[in-house]
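Please look over the sequence and the structure below before reading on.

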Amino acid sequence: MSALTPQSDMPTPTTDKITQAAMETIYLCKFRVSMDGEWLCLRELDDISLTPDPEPTHEDPNYLMANERMNLMNMAKLSIKGLIESALNLGRTLDSDYAPLQQFFVVMEHCLKHGLKAKKTFLGQNKSFWGPLELVEKLVPEAAEITASVKDLPGLKTPVGRGRAWLRLALMQKKLSEYMKALINRKDLLSEFYEPNALMMEEEGAIIAGLLVGLNVIDANFCMKGEDLDSQVGVIDFSMYLKDGNSTKGSEGDGQITAILDQKNYVEELNRHLSATVNNLQAKVDALEKSNTKLTEELAVANNRIITLQEEMERVKEESSYILESNRKVTKDRTADGHALTEARKQLKEETQLRLDVEKELEVQIGMRQEMELAMKMLEKDVCEKQDALVALRQQLDDLRALKHELSFKLQSSDMGVKQKSELNSRLEEKTNQMAATIKQLEQSEKDLVKQAKTLNSAANKLIQKHH
């Protein structure tokens with residue numbers, strides 16, 4: 001579950017990053033994250049009573065962004081507090097396998113991603129928090145060593161992986177709070193990377209930077225040479241912060257019911273998210289089918305062009321035969337003008353060269369036609385694979401709905417809910433991980449298809465230009 005919401009839901013060719021965010025996101029802008037003492041509380045905004053004073057509607061983007069900032073700040077408070085307490089109780093140096101430390105980096109990553117502006121690249125729009133972190137070495141010279149170390153790591157291939165490595169090295173130096181404060185104080189530089197209402201541009205960012213000072217009491221040691229930071233999925237585990245129903249004897253039954261209700265709300269929200277993802281994938285499959293139809297039409301046009309070139313080649317052959325015959329007659333005629341003979345030979349040479357050029361162009365057109373037919377077959381195969389994946393996703397969605405009904409039944413029999421809750425959670429997490437992996441593969445396949453489609457379009461445009 002993520003604390004960020006996608007910026008748009010329109011099914012356009014530039015929504016690759018939005019689709020990727022949808023794979024990780026249960027929209028927390030529809031919830032309010034608050035703290036009950038040292039525990040996490042989740043409430044739907046529709047269930048919160050409004051004051052008589054006029055307030056912005058939940059559909060207002062500024063209201064949603066403000067709610068996201070508040071949620072992220074509260075999650076950061078819980079994560080930092082829990083990390084400090086657990087680390088002090090543990091009494092040893094922390095490593096990358098320590099679960100509270102992993103969750104802290106996930107929360108920090110979402111804080112840095114909040115309100116990032118999308119930068120256009122040749123592969124589409126890209127959002128990365130590595131750009132703002134690179135500015136730190138200009139503001140604090142001591143950070144130059146971290147940046148150089150991150151760039152020298154051989155296993156990092158993406159800006160996201162470099163940003164994650166930077167956060168870990170800054171925590172090891174016990175300078176993370178100092179670096180974040182220096183970065184937040186320069187709003188003029190951050191405005192290039194963040195929207196005006198992003199967390200790093202508002203008061204919540206300064207509060208989180210102040211909370212990071214407490215992490216200086218923690219000793220951490222990371223070995224990042226063999227760690228795959230590029231492909232890690234940043235998912236916040238709210239179960240680490242939810243209050244246990246056995247903490248107080250007087251409210252044991254109420255705590256169990258509340259936990260089951262929270263799980264039920266989570267599954268319902270997950271179902272809505274998966275339904276939106278399935279609809280989005282269906283729209284992409286439809287777009288690929290339309291693109292397949294368009295490529296078929298372009299292939300037919302290319303075939304017509306090849307036939308026309310073959311006819312022109314036949315005509316050139318006939319003209320060349322006629323010119324050769326005329327040249328023989330001129331050669332036999334001793335009384336013909338020598339200048340006319342020279343002109344005839346020159347014309348024959350030009351016609352012969354034209355014939356060779358036409359033959360070469362015909363060979364190129366035939367090769368392009370074969371490549372386009374092969375690409376069409378590959379596209380049809382990829383469409384079939386995506387349809388199979390879509391059926392598998394729907395089957396998994398049905399499984400999750402069945403799990404929701406099981407959780408509803410657990411609400412009525414809360415005495416047995418505590419024993420079965422862990423089993424259901426593990427099954428649900430396994431399903432979610434499978435979904436995330438499957439959707440990631442589909443996204444990669446989609447990128448390959450888009451790239452192939454662009455290549456075919458470029459080839460078709462070249463054919464049209466040659467025709468003109």
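## Helix contacts and selected residues

H8 passes H10 with a left-handed crossing, and this, like everything else in this report, is read from a predicted model. Helix H8 covers residues 176–184 and helix H10 covers residues 203–211, and the two pack with their axes 8 Å apart at an angle of about 160 degrees. Because an angle over 145 degrees counts as roughly antiparallel, H8 and H10 are therefore described as roughly antiparallel to each other. On the side of H8 the contact involves Ser177, Met180, Lys181 and Ile184, which meet Gly205, Ala206, Ala209 and Gly210 of H10. Sorted by class, the residues of this contact of H8 with H10 are 4 nonpolar, 3 polar and 1 charged.

The protein chain contains 13 helices and 4 strands, and of its 468 residues 40% count as buried. Among the contacts in the protein chain with a separation of 6 or more, 76% are accounted for by residues 24 or more positions apart.

Helix H2 (residues 61–90) takes part in two of the contacts described here, one with H3 and one with H10. The axes of H2 and helix H3 (residues 99–113) come within 9 Å and cross at roughly 155 degrees, which makes H2 roughly antiparallel to H3. The crossing of H2 and H3 is left-handed. From H2, the residues that make the contact are Leu72, Met75, Ala76, Ser79, Ile80, Leu83 and Ser86, while H3 contributes Pro100, Leu101, Gln103, Phe104, Val107, His110 and Cys111. By class, the contact of H2 with H3 is made up of 10 nonpolar and 4 polar residues, with no charged residues.

How do the directions of H2 and H10 compare, roughly parallel or roughly antiparallel? Their axes come within 10 Å and cross at roughly 5 degrees, and because angles under 35 degrees count as roughly parallel, H2 and H10 are therefore roughly parallel to each other. The residues of H2 in this contact are Arg69, Leu72, Met73, Ala76, Lys77 and Ile80, and those of H10 are Glu204, Ile207, Ile208 and Leu211. The contact of H2 with H10 has 7 nonpolar and 3 charged residues and no polar ones. Leu72, Ala76 and Ile80 of H2 are listed in the contact with H3, and Leu72, Ala76 and Ile80 are also listed in the contact with H10.

| Pair | Separation along the chain | C-alpha to C-alpha distance |
|---|---|---|
| Asp237 and Gln103 | 134 residues | 7.0 Å |
| Lys119 and Phe193 | 74 residues | 8.8 Å |
| Gln347 and Ile323 | 24 residues | 8.3 Å |

Asp237 is found in the loop between H10 and H11, and with 27% relative accessibility Asp237 counts as partly exposed. Its partner in the table, Gln103, is one of the H3 residues that make the contact with H2. Lys119 lies in strand S3, which spans residues 119–121, and Lys119 is partly exposed, with a relative accessible area of 42%. Gln347 has its place in helix H12, residues 338–412, and at 44% relative accessibility Gln347 counts as partly exposed.

Lys174 is found in the loop between helix H7 (159–173) and H8, and Lys174 is partly exposed, with a relative accessible area of 32%. Most residues other than glycine have a negative phi. In Lys174, however, phi is near 60 degrees, a positive value in a residue other than glycine.

Is Lys284 buried or exposed? Lys284 has its place in helix H11, which runs over residues 252–332, and because buried means under 20% relative accessible area, Lys284 counts as buried at 12% relative accessibility. The side chain of Lys284 makes a polar contact with the side chain of Glu443, at 3.3 Å.

Note on methods
Residues are numbered from 1 along each chain as its sequence is written. This is a predicted model: local features need pLDDT of at least 70, side-chain atom pairs count only at pLDDT 80 or more; totals for chains, interfaces and linings use all residues. Side-chain values use heavy atoms; hydrogens and water are left out. Buried means under 20% relative accessible area, exposed over 50%, partly exposed in between (1.4 Å probe, protein chains only). A polar contact is a pair of N or O atoms within 3.5 Å; within protein, one must be able to donate a hydrogen and the other to accept it, and residues adjacent in sequence count only if both atoms are side-chain atoms. Axes are lines fitted to C-alpha atoms, for helices over the stretch in contact, and angles run from 0 to 180 degrees between N-to-C directions. Angles under 35 degrees count as roughly parallel, over 145 as roughly antiparallel, 65 to 115 as roughly perpendicular and the rest as oblique. A crossing is left-handed if the near helix is turned anticlockwise from the far one by less than a right angle, and right-handed if clockwise. Contact means heavy atoms within 4.5 Å. Ala, Val, Leu, Ile, Met, Phe, Trp, Tyr, Cys and Pro count as nonpolar, Asp, Glu, Lys and Arg as charged, and the others, Gly among them, as polar.
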